Structures are given as structure tokens and as C-alpha cells.
Amino acid sequence: VIGETRKRNREAAMLKSQFLVIEELYIPVKRRDEIDAEKVASLAEEILEEGQKAPIQVRRDKKRKFIVVNGAHRIEAVKLLGETKIEAFVVGEGKF
């Protein structure tokens, strides 16, 4: 798991961020089940005060537009703030 995270972080460092429509993002069930409401509220407050510090990471999918790899709490936090878009890195391009 640690190796995969490092690899994703290296990939993200080489990518340019873009803003994606939140409704086009799919959060896998396992990640959705791990969402902590208190963490979401805390992140929302932090984002309101300081902005989104780090883009989420998503990958493209044939059936769904984008699958969330990293950042489910940030998505829920910006949704709580009423935003419709979120800054993201599209990782793993060309592997499908």
C-alpha cells in the first residue's frame, strides 16, 4: 500500500491539475463507507479558510467518467460548501 501511494504521489507531481464536475466522480463503495462526517466538517472549515490545498486524484474509467483514487473526504467537504467542481489530478492515463 505504501509503495502504491508513493507511486501515485510521484505521478501527481508530474501532472497538471484540472477542475472536474463533482457529479461526474464515482467514489467506490469501500471509500464511501470509510467517510467520517467529523473529518468532512473539519476539512470543509479548513477549505473555506485556506482553500483546497491538494487536488484529489482520479482515474478515467470506460463505464464511469472518473473513479476517485484519493480524496473522498475532500469531495464531501467541498460538496458541503456548495461547490459543484473540485480540483483534481487524472492519474494512470493510458493504462486502460
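A nonpolar core is a set of buried Ala, Val, Leu, Ile, Met, Phe, Trp, Tyr and Cys residues joined through side-chain atoms within 4.5 Å, and buried here means under 20% relative accessible area. In this predicted model, the largest such core holds 19 residues, of which Leu25, Ile56, Val58, Ile75 and Ile86 touch the most other members. At least two residues of this core come from each of helix 3, strand 3 (56-60), strand 4 (66-70), helix 4 and strand 5 (85-90).

Setting aside residues up to four places away in sequence, Val58 touches Leu20, Leu25, Phe66, Ile67, Val68, Val69, Phe89, Val90 and Val91.

The 5 strands form an open sheet in the order 1-5-3-4-2, with mixed pairing, and its edges are strand 1 (18-21) and strand 2 (25-26), each of which pairs on one side only. Strand 2 runs parallel to strand 4, with which it pairs over 2 bridges, and Tyr26 stands opposite Ile67 of strand 4.

The second largest pocket contains about 160 Å³ of space, and helix 3 (37-50) and helix 4 (72-80) are the elements that give two or more residues to its lining. Helix 4 gives the most, with 3 residues. Among the lining residues are Arg31, Glu34, Lys39 and His73, and the lining divides by class as follows.

| Class in the lining of the second largest pocket | Count |
|---|---|
| Nonpolar | 2 residues |
| Polar | 3 residues |

Technical notes: Residues numbered from 1 in each chain as written. Predicted model: local features only at pLDDT ≥ 70, side-chain atom pairs only at ≥ 80, totals over all residues. Heavy atoms only, no water. 1 Å grid on protein atoms, 1.4 Å probe; cavity = no way out; pocket = protein on both sides within 12 Å on 5 of 7 lines; lining within 4 Å. Points joined across faces, edges and corners; volume = space filled by probe spheres on them. Helix = DSSP H or I, 4+ residues; strand = E, 2+ residues; numbered from the N terminus. Nonpolar A, V, L, I, M, F, W, Y, C, P; charged D, E, K, R; others polar. Buried < 20%, exposed > 50% of the residue type's maximum accessible area, 1.4 Å probe, protein only. Contact = heavy atoms within 4.5 Å. Pairing = 2+ DSSP bridges.
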